[in-house]
Amino acid sequence: MSDQRENREKELDRELRDHLELDAEAKMDRGLGADEARYAAQREFGNTTLVKEVTREMWGWSYLERFLQNVRYGLRLIGRNPGFTAVAILTLALGIGANTAIFSVVNTIFLKPLPFPESERMFLVARTNNQIGGTNISMPIYLAWKEKQGLFDALGMARPGGTTILTGRGDAEQIPAYVLSSEVLSVLRVSPALGRGFQPDEAKVGGPRAILISDGLWRRKFSADPNIIGQTIMLSGTPRIVEGVMAPGFEIPIPVGREAQIWFLAQLPSTSQDPSNFTFCIGRLSHGVTTGQAEAVLTTPIAGLHDLFPKMIAADERVHLTTLRTFTTKRAGTAPLLLLGAAGFVLLIACANVANLFLSRATSRQREIAVRTAMGAKRSQIVWQLLTESLLLGLAGGLAGLLVCYLSFDFVLSLVPANLARFGAIKFDGRVLVFSLFLGVMTGVLSGLAPALQASSVDLQTALKEGKAGSWFGRKRGRLSAALVVSEVGLSLVLLVGAALMLQTLAGLLRTKPGFDSRNLLTFAIELPRSAAFNTKEKAIAFYDNFDAKLSALPGVQQVSYTSVLPLDLQAPDTLLSVEGNNKFDGKTFDAGFRFISPEYFHAFHIPLARGREITAADSADSEPVVLISQTMARRIWGDGDPIGQHIWFGKPMGLASMEPVPRRVIGIMSDVIETSLEQTETNSTMYIPYAQTHGPADEVTFMVRTSQEPSGLTPTVREILRSLAPDVPLRAPKTMDELVADSLDGHRFPTILISVFGAIALLIAAVGVYGVISYSVAQRTHEIGIRVALGASRGKILRMVLSRGLRLAVIGAVIGLIASHWLADLLRDQLYGISPSDPATLIGATIVLLAVAFAACWIPARRATRVDPLVALRYE
Amino acid sequence: MKERYKNRIELLQGTLDFMILQALRWGPQHGYGISTVIRTNSHEAFQVPTGSLYPALHRLERKGWIASSWDTPKDKNREFKFYRLTAAGKKQLATEESKWKQLVTAIGRMMRPAEES
């Protein structure tokens, strides 16, 4: 385009030179001297530049050319006001950057389809009457469903498989695993990137045990050896055949246990009596089958199963199909959407601010606009011209926002809690890019349209006559810009209130006394392989005790203990127990968690004994079975009665096969400890059983080591000792208890930190907005102020006058913001703990902060107003 | 008022356009050639200022009435920008011509109303 223009320009140049030359030649033919002829020709020709210019005008403008001219003109103007441009672009960059960052998270969680073919036909098949959350089913149910033909292209089961220990490949390593039926790969329509996949005989009980491994594990542990397929590797002491390597990033789209790197093929029995609900069922619905039909057909076998397992399956249970997309999205909660809303507020504030900038600039350009109108420019042309400028700024803001997003991306990602379901990594993609540029264009239009329309509706007469930046649209402009500032202040207050509520929630949770002392505690997990050295419970416990003793002997170590599960991590299902001699709970499901512990557990955690006695080394496998209970449990079961010496019988309601042989005697009551999360409002019923008397497996325990100093430096020593005792036992997830407590708040930290950042940005932008408007009004009223000073107004009075104008806007904005907060804060209810969305102290506090900032923003121009020299002010006008 | 003013400009513009189209009726010509033709054909009555000639040429070209190309004339050894009539230009010239004749007749009648029979 510009090439074409350049050519034309050259041609014109040559054409005119030719004209001169030909004319001169003709004159020479008539007898003039060469120089004389040239002068004469030039004289007749006239001003070459002028000729060129009028000729050029004939070329005309296509829409594109006119647009490009606007762009050029806009760029020139933008370049001429670097201050204005910088403030506008920075403001937009913050607004757009915040939105883009959050959008990239929301995009991955909510918008992108799951990375599987026809993923909309992939469903989680679940029971609705299930206390654990309506997702898990048991093996008998799955087997019954599998017999129903014609509903699904494939129906598979999958469950998180805990961890397995890989030995014989460098250091022993504990690796997260998943168990799945062979149908799962058909449901997902994936096959291994390398290898042939599971074989039919491997899916049968008694067949070879097959696994798939992740790309990462393959590279890390097997140096990406393509011959791994078909080889046997040792996992927790059992040989397994590697049948495939999955593509990088593969995961089962169920937000539980997604870190798996090994997938075991389940060998399904033809019948099952196992009542435990650990299985997810996912299916690919056949074309032409509705979810309703599938639900109806799958509900029929439930009644029969109820007859078989009356305790585990209710008669009125229903079946419900949820798309896997919905299921994973639901787990993500509303926080990302709330944040997107908050980021939207920031952007609105930024838009209002930039609109205000445009308004004040349009005022100083009123003469230019008036002149152009008088010269015949149409109003639409002027609006387009002004809009082009704001669009350019918007686009620049969009690009800068992309940069802001890019720079802050790692920070935002580090905040996104791991349990937020996100399949496929959160990353910059085309959609994010388009989003930010789209925002740029939108903000350009949004912030430019009103000022452009207003500036172009010039009253020519007055504008040209007055000539100076004056009153011709001062009033109207003033009203619009005041309205913009008021809305900026209002929106900022809403964000501030939200941030304050979230921060108080987080602070409150951090202050929560969990009932144990998390300082100076190192924790780590170990899992024993099923080798001959650890094939009995006794051998395992002897190993732990030996390890425990070695650790206790280390300098600086005060106590060492091990347990089946740490506090804040107790997600044990309901324990069926009966309370002997108490008919109230006899034979009923009582909601109590339990853990196995070594004797030093309470000392290591500093959990005080309320009554009775603690567990000692004397409580062995051979002595009387005992149990300690939490205060809450004591109160719930016995009320005011004395639990000490009473008996609890584990598993008795489930029948002979599942119950312990004898009841346990309650020997003591421990202080309550927060067991599931810091957010819980009620304390738990918890039971403590000595490890020596465990009725369950003991192949995985968590150790904690209380030290006199910060304990994280101890990890290498611990690892060394473990290696010297048993080289094939891996040490997993060493973390201090303080870290675990902090980790448990990840879900809160993510929205809280981001909304606080947004609040701060909003406050900053609004302050700039207030400052700009008040500065402008002071500049406009210099004359008036000069007169007032000349007539004897004191500086204090001038100061008060300016401040009161600014604060009036801020107060109006604050009132509107408070009303809006009242409506919107309810959306935060899910995110808040221990504080009401309409907490008066928070509302008042946020308002005070906002007004203080507004006051500071007015103070500078107000001070400037007091320094107006009446002589200068009057002469200036 | 404004409308009538516009008509007058159009008339003047039309005059120059007509003269250019006329000058090109005898074959392609460069800008200087066109101005010479107009001057000599009008017996030195019209001296077209270059500031009007070139804008007019470019305007007519844009309208599609004339076209341009770089050609080497027989007596020169380099290219000049030559304009020539297009088909649309020839048609335009015909209508302009009849319009002019009508106008001249009308003006003639106004000047010598007595000769009206």
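**View 1. Helix α14 of chain A, with its kink.** In α14(A), a kink of about 35° sits at G448(A), shortly before the proline P451(A). Keep in mind that this is a predicted model. The helix takes in residues 430-456 of chain A, 27 residues in total. How far apart are its end C-alpha atoms? They are 37 Å apart, which agrees with the 39 Å that 27 residues should span at 1.5 Å a residue.

**View 2. Helix α25 of chain A, kinked at a tryptophan.** Here we look at residues 840-866 of chain A, a helix of 27 residues. From first C-alpha to last, α25(A) reaches 37 Å, close to the 39 Å expected at 1.5 Å a residue. The bend to look for is at W859(A): a kink of about 30°, shortly before the proline P861(A). That proline, P861(A), is buried. Other buried residues of α25(A) include T842(A), L843(A), L850(A), C858(A) and A865(A).

**View 3. Domains 3 and 5 of chain A.** Domain 3 covers residues 129-317, and domain 5 covers 532-727. Between their centres, taken over C-alpha atoms, there are 31 Å. Chain A also has domain 1 (2-60), plus domain 2 (63-117 + 330-472) and domain 4 (473-512 + 745-877), each written as two stretches.

**View 4. Chain B, from end to end.** Chain B has 4 helices and 3 strands. Starting at the N terminus, follow them in the order α-β-α-α-β-β-α. Of its 117 residues, 26% count as buried. Take the chain B contacts between residues at least 6 apart in sequence: 47% of them join residues at least 24 apart.

Definitions and conventions
Residues are numbered from 1 along each chain as its sequence is written. Chains are lettered from A and ligands numbered from 1 in the order in which they are written. This is a predicted model: local features need pLDDT of at least 70, side-chain atom pairs count only at pLDDT 80 or more; totals for chains, interfaces and linings use all residues. Domain bounds come from an automatic or database domain assignment. Helices (H or I, at least four residues) and strands (E, at least two) are DSSP runs, numbered from the N terminus. A residue is buried if 20 or more other C-beta atoms lie within 10 Å of its own, exposed if 12 or fewer, and partly exposed in between; C-beta atoms are placed from the backbone. Two residues are in contact if their C-beta atoms, placed from the backbone, lie within 7 Å. The expected span of a helix is 1.5 Å times one less than its number of residues. The bend at a residue is the angle between axes fitted to the seven residues ending there and the seven starting there.
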